Amino acid sequence: MEGSDLTTENLLWTAFCFNTALKTLEVFDSHSFSSEYSKDPYSFSYRTCPLETVALNINAVSVFEPPAKRDERLKRSVVYIHGGGWALASASILYNNLCRIMAESLNAVVVSVEYRLVPEVCFPEQFHDALRATKHFLQPDVLAEYSVDPSRIAISGDSAGGNLAAAVCQQLSKDEHLTIRPKLQALIYPVLQAFDFNTPSYQQNMNMPVLPRYVMINYWIDYFNGNYDLAHSLVINNHTALDVGQALSFRGRLNWTSLLPSSFKKNYKPVIQTTGKAEIIREIPALLDVRAVPLLAENETLQLQPKTYILTCENDVLRDDGAMYAKRLEHAGVEVTLDHFDDCFHGCMIFTIWPTDFSAGVQTRNSYIKWLDENL
């Protein structure tokens with residue numbers, strides 16, 4: 001890898017910091033959750049339900065229901081897919097606090113999807129798990145069981161969960177057999193493409209803690225069950241060089257020089273190789289599969305997407321993924337809110353519990369929930 005972009009010291013330090021933060025959050029989130037929801041899960045507001053025939057008994061969903069009110073009409077609902085690079089975290093522990101607050105603040109039924117992780121499974125199984133769980137919940141009889149208004153459902157997720165939420169939303173929009181589809185999608189610092197690892201935000205934040213560029217590339221390699229030997233070629237965009245025929249038709253869909261505002265582009269220059277390695281795409285065709293990289297979807301699919309919220313952070317390699325998706329959706333005629341935070345970082349929204357209760361987490365969470373409340 002180039003320069004300081006990948007060193008053993010940086011890799012170990014990043015892994016230590018991230019894993020320590022996750023463990024801390026799991027302990028405190030689990031404690032705060034269990035103390036408040038210690039009653040019978042089938043008589044109060046939290047259920048963990050195996051998907052059984054939906055996902056081969058492998059994964060589950062957690063359903064957060066606000067207390068019923070007398071003569072209350074049908075509730076809104078959010079299907080939430082957690083982040084963690086398709087390999088880390090757990091909806092049943094790490095995201096309980098966020099989902100509980102969403103359910104209470106919105107008076108909504110929140111369905112938190114658990115999906116199988118790397119290394120147990122790789123792409124496309126995470127996508128299939130999330131899609132099956134969402135389609136199962138969207139069935140009229142299931143919505144009726146939870147008293148959910150079928151016209152007021154959102155699909156949402158953060159980071160890799162934002163990737164899955166966007167990909168699932170695209171797939172649902174093309175399913176002619178569905179009678180119920182999400183009204184909204186809300187994506188929190190989503191990862192949406194593996195075409196260009198030298199967008200301005202990737203260049204600007206290549207060594208940013210929590211998610212440096214080489215860590216994100218390794219997440220992609222693991223997701224695709226690829227070889228780490230490809231990392232150097234990916235970081236210099238050898239897989240999408242001008243002589244890689246499979247990538248040519250997608251280049252116009254991800255031209256950041258025309259999709260990003262000048263405040264994001266700054267003085268950064270595109271990294272486009274004249275000659276590259278077409279064998280990378282042959283080895284990992286999923287690099288161009290829109291189920292994995294929804295930013296590369298064709299315009300006809302984007303036109304079908306619902307009203308969209310995208311949250312981005314300045315100190316994040318994925319900032320431009322979200323911003324480019326927002327612009328492409330706008331060009332396709334979709335109403336989009338791009339909520340950008342200049343002083344926040346990737347993953348900040350889950351850092352809201354002592355001792356990692358950061359103002360960035362509370363600020364982004366409140367803005368996200370406010371948008372859902374006003375639009376769902």
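Begin by selecting asparagine 225, which counts as exposed at 62% relative accessibility; exposed means over 50% relative accessible area, buried under 20% and partly exposed in between, with a 1.4 Å probe and protein chains only. The model is a predicted one, in which local features need pLDDT of at least 70 and side-chain atom pairs count only at pLDDT 80 or more, while totals for chains, interfaces and linings use all residues. Residues are numbered from 1 along each chain as its sequence is written, and side-chain values use heavy atoms, with hydrogens and water left out.

**Two residues with positive phi**

Asparagine 225 is placed in the loop between α7 and α8 (231–235); helices (H or I, at least four residues) and strands (E, at least two) are DSSP runs, numbered from the N terminus. Its phi is positive, about 55°, although asparagine 225 is not a glycine. Most residues other than glycine have a negative phi, and most peptide bonds are trans.

Select lysine 266 next, in the loop between α11 (262–265) and α12 (278–283). Lysine 266 also has a positive phi, near 50°, and is not a glycine. The residue is partly exposed, its relative accessible area being 41%.

**The aromatic cluster**

Now display the rings of Trp86, Phe123, Trp220, Tyr223 and Phe224, which ring pairs link into a cluster. Rings of Phe, Tyr and Trp (its six-membered ring) pair if their centres lie within 6.5 Å; planes under 30 degrees apart count as stacked, over 60 as edge-to-face and the rest as tilted. The structure holds 15 aromatic pairs. One of them joins phenylalanine 123 and tyrosine 223 edge-to-face, at 5.4 Å centre to centre and with 70° between the planes. Phenylalanine 123 belongs to the loop between β4 (108–113) and α3 (125–137) and tyrosine 223 to helix α7 (residues 213–223), so this pair ties together parts that are 100 residues apart in sequence. Both residues of the pair are buried, and the relative accessible area of tyrosine 223 is 0%.

Phenylalanine 224 counts as buried at 11% relative accessibility. Apart from its neighbours within four places in sequence, phenylalanine 224 is in contact (heavy atoms within 4.5 Å) with Phe123, Ile284, Ala286, Leu287 and Ala292.

**The nonpolar cores**

A nonpolar core is a set of buried Ala, Val, Leu, Ile, Met, Phe, Trp, Tyr and Cys residues joined through side-chain atoms within 4.5 Å. The largest has 87 residues, of which Trp86, Met216, Trp220, Tyr223, Phe224 and Tyr325 touch the most other members. A second, separate core of 34 residues includes Cys99, Ile188, Phe341 and Leu372.

**Cis peptide bonds and a charge over a ring**

Return to the loop between β4 and α3, where proline 119 is found. A cis peptide bond joins valine 118 to proline 119, with omega about 10°. Proline 124 lies in the loop between β4 and α3 as well, and a cis peptide bond with omega about 10° joins phenylalanine 123 to proline 124.

Next select arginine 319 together with phenylalanine 264: the charged end of arginine 319 sits over the ring, 4.1 Å from its centre. A charge sits over a ring if NZ of Lys or CZ of Arg is within 6 Å of the ring centre and within 35 degrees of the ring normal.

**Helix α15**

Select helix α15 (residues 359–375), whose 17 residues should span 24 Å at 1.5 Å a residue; the end C-alpha atoms are 24 Å apart, which agrees. The expected span is 1.5 Å times one less than the number of residues. Colour its buried residues: Ala360, Gly361, Thr364, Arg365, Tyr368, Ile369, Trp371, Leu372 and Asn375. They cover an arc of only 155° around the axis, which puts them on the same side of α15; the arc is that of the directions from the helix axis to the C-beta atoms. These buried residues pack against β3 (75–81), α2 (96–106), β5 (148–158), β6 (184–188), β7 (307–315) and β8 (336–345).

On the other side of α15, Ser359 and Glu374 are exposed. The relative accessible area of serine 359 is 62%. Its C-alpha atom is separated by 8.9 Å from that of cysteine 348, eleven residues apart along the chain.

**The whole chain**

Of its 376 residues, 59% count as buried. Among contacts between residues at least 6 apart in sequence, 76% join residues at least 24 apart.
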